[in-house]
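What follows is a briefing on a structural model, arranged by topic. Please look over the sequence and the coordinates first, and then read the points below against them.

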Amino acid sequence: MKYIYLDNAGTTPMATEVIDKMKETMKDTFGNASATNYYGRQARMVLDNCRHVIARSINAQNDNEIIFTSGGSESDNTAIIGTAAARQNVGKHLITTCIEHEAVLKPMHFLESRGFEVTYLPVDQNGEISLSDLKQALRDDTILVSIMTGNNEVGSKMPIHEIGEIVAESNAWFHTDAVQAYGLLDIDVQADQIDLLSTSAHKLNGPKMTGFLYCRTDHNYEALIKGGDQELKRRAGTENIPAIAGFAEAVKINSSEKKAAHRKAYYAFKHQLVDGLRQNGIEVEVNGKIDEGELSHVLNLWFKGKKSDALLTNLDLKGISASAGSACTAGSLEPSHVLTAMYGEKDPRISESLRFSFGAFNTSADISAVIQALTEIIKR
Amino acid sequence: MADNSHTRVVVGMSGGVDSSVCAYLLKQQGYDVVGVFMKNWDDTSDSGVCTATQDYQDVAKVASEIGIPYYSVNFEKEYWDRVFTYFLDEYKNGRTPNPDVMCNKEVKFKAFLDYALEIDADFVAMGHYAQISKDQDGTIHLLRGADDNKDQTYFLSQLSQKQLEKVMFPIGGMQKTEVRRIAAEAGLATAKKKDSTGICFIGERNFRKFLSEFLPAQPGKMVTIDGEVKGEHYGLMNYTIGQRRGLGIGGNGQSNDPWFVIGKNLDKNELLVGQGYENEHLYATSLDATKLNFIAPIDEYGTDFHCTAKFRYRQKDEGVSVHLNDDFSKVIVEFDRPVRAITPGQEVVFYNGEECIGSGTIDHAYQSDRVLQYV
């Protein structure tokens, strides 16, 4: 059976260059970057170079603003809980949205249980917040605004630049979860006035359990992982040099031109998939909207009258990997909090939708195969 | 061996040893096997632990060992609407329902069957101890599992021809010890897993406490048939006919015999108690039942026939005379000899030799012409 992978918002396969770079680093650079011996210096050099590559990729002011972490979840947890711990004397109010990733929502719930107050901004049917809601929610005691750059389930993109402007005029810091957006968009933390930004390597053909948190120089949060003085005391633990080297390689090969080309290709895939299904008489609606301003690798579709779980299983049995929200610990699908926030909990879309997410290795032929498979399944 | 690779069999995998062995045997026979775990109940605790998680993890392990894809499907809503609501309604009416019979009829052999057909199943396999035989004309007969002690036809007795049409019971012809042996030899992760007991959604929890979360307990008096008050009860729903445990009445009667539940008075909210395991009020000579189902046509039997029956799961068969009304909506069942603790809400399941003919839900028990005060 030929397998087709359309779950790139979940994770991506590693690029060959990344694998080669990691192999090489594993062989040649095993030292502990904090050690003052020869091997430590070798490791430190690799680490510094990688930090520089990554700092440049988001136009950070200096390399020390990049803290390597175990990935998106740790970066989000650190940004939120670490900021709350550091700034609780300033205030105990935070703002986020209803459609954030669990790695943002769960830390927020945790803070609520510890006496903090959280405002969850609603979204419209396109999965977008309103800036006037944000302005109204901001208070003198608001210490953090955490709003994702782009959504992982429906691909909606938030007006980050405008949010940055609004938050800059308040007492709050601005954190954005850019885990989905980082591999696809050119991010400029200075132009967008971002204070904290989370990413993950494995969403852009890098290794898993690796990511970074950007934190503006003049800010300091309370470290979650305490121990050694690595990452300027902001994240203890011996750095995983091969993984970080792989991450930097993935960032390096993901040039602006390549990102633009991917955006264009994925945007075309969206149209190809929706148009192809409709031409075959499949009743399908887009959850959110197809627009060049949205994250182009995520497409969430409502298959009217068709249950997500059976559709997903059918596709998988035909070798096509897609997804539909998140699974509970017993493997069954949970109603998506994102679709629920967009359409209300009674909407049939919540149990009748699938997410397709595109990556660097997908081709137009893959999309044709998916159209054919879905048509067979639905018309059977 | 026949080429079964183009025949897709969807196996209902619970994370137990029986369904694990089912999947294993089918895979050995070369079928295109797909394992599916059903999540029917949400009992996520405050700490976020859900008991289905362990079972699903076992499904994942076994499926990987066997080399089959596996999935999980959520029927919480179906289970709640079609099984649990009925379960509570029956208790409200003072009866003792059998949710497993309803679960098979409404979820495992309906919602799950529909799901399996949607993922292109040619057959659906279950780990029940029951067997199927097919006549030349396609008529399906449900037969007892070969392991007398494990036979589960009692729970399958409300199924229709259509529900059984595409079903396989791969271990129905085996003894439980044989199933365990196969699991151990194949090295399946569930080979030594303890069998589940009790009602699936309650598990090992305290039944009275569970029920009180859904139905307000209405305490009342425990009285003898002569009206003598012997104590307080916690709510009629917590007791079943013939029960001895938990009454808390010391001797102080006419004899030293232990006390038993011998009836219920729903109007007065009184629990009737009497002494002695063999208390006369516990013995019925006949019953009536409705919600009848016959698995295969029973034209040859007529409306009056003699066969055997079970009134509870794992009871021994009793000889009975069956009298059906004309439209098969009601049955009167006369027993060859008096039977103890007939319980309204449970199924009366009919057997002709090894064949499970069908069943009905017990409404009333009688001693000669007198209706026993059981609800």
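**Strand pairing in chain A**

Strand β3 (residues 93-97) of chain A is joined to strand β5 of chain A by four bridges, and these strands run parallel. Strands are taken here as DSSP runs of E with at least two residues and helices as runs of H or I with at least four, both numbered from the N terminus, and two strands count as paired if DSSP finds at least two bridges between them. This is a predicted model, in which local features need pLDDT of at least 70 and side-chain atom pairs count only at pLDDT 80 or more, whereas totals for chains, interfaces and linings use all residues. Residues are numbered from 1 along each chain as its sequence is written, while chains are lettered from A and ligands numbered from 1 in the order in which they are written.

**More on β5 of chain A**

- Strand β5 (residues 142-146) of chain A is mostly covered, with five of its five residues buried; a residue is called buried if 20 or more other C-beta atoms lie within 10 Å of its own, exposed if 12 or fewer do, and partly exposed in between, with C-beta atoms placed from the backbone.

**Helix packing in chain A**

- The axes of helix α2 (residues 38-57) of chain A and helix α8 (residues 241-253) of chain A come within 9 Å and cross at roughly 35°, where axes are lines fitted to C-alpha atoms, for helices over the stretch in contact, and angles run from 0 to 180 degrees between N-to-C directions.
- The crossing of α2(A) past α8(A) is left-handed, a term used if the near helix is turned anticlockwise from the far one by less than a right angle, with right-handed used if clockwise.
- Among the residues that make this contact are A:Ala43, A:Leu47 and A:Ile54 of α2(A), together with A:Ile244, A:Phe247 and A:Val251 of α8(A); two residues are in contact if their C-beta atoms, placed from the backbone, lie within 7 Å.
- The residues of the contact of α2(A) with α8(A) comprise twelve nonpolar, one polar and one charged, with Ala, Val, Leu, Ile, Met, Phe, Trp, Tyr, Cys and Pro counted as nonpolar, Asp, Glu, Lys and Arg as charged, and the others, Gly among them, as polar.

**The five-stranded sheet of chain B**

- An open sheet of five strands in chain B has the order β3-β2-β1-β4-β7, with parallel pairing.
- β3 and β7 (167-168) of chain B stand at the edges, each with a single partner strand, so one side of each has no neighbour in the sheet.
- Five bridges pair strand β1 (residues 8-12) of chain B with β2(B) in the parallel sense, and B:Val9 stands opposite B:Val33 in β2(B).
- Helix α1 (residues 17-28) of chain B packs on the sheet, touching β1, β2 and β4 (123-125) of chain B, and its direction makes about 165° with that of β1(B).
- α4(B) packs on the sheet as well, touching β1, β2, β3 and β4 of chain B, and its direction makes about 140° with that of β1(B).

**Antiparallel strands of chain B**

- Strand β13 (residues 304-310) of chain B pairs with strand β14 (residues 318-324) of chain B in the antiparallel sense over six bridges, and B:His306 has B:Ser321 of β14(B) as its bridge partner.
- β14(B) pairs in the antiparallel sense with strand β15 (residues 330-340) of chain B over five bridges, and B:Val320 has B:Phe335 of β15(B) as its bridge partner.
- β14(B) and β15(B) form a hairpin with five residues between them, and B:Phe328 in the turn has a positive phi of about 60°.

**Contact between the chains**

- The contact takes 15 residues from chain B and 13 residues from chain A.
- On the side of chain B that touches chain A, β2 (32-39), α2 (51-66), β3 (70-74) and α4 (99-118) of chain B each give two or more residues, and β3(B) has the largest share, four residues.
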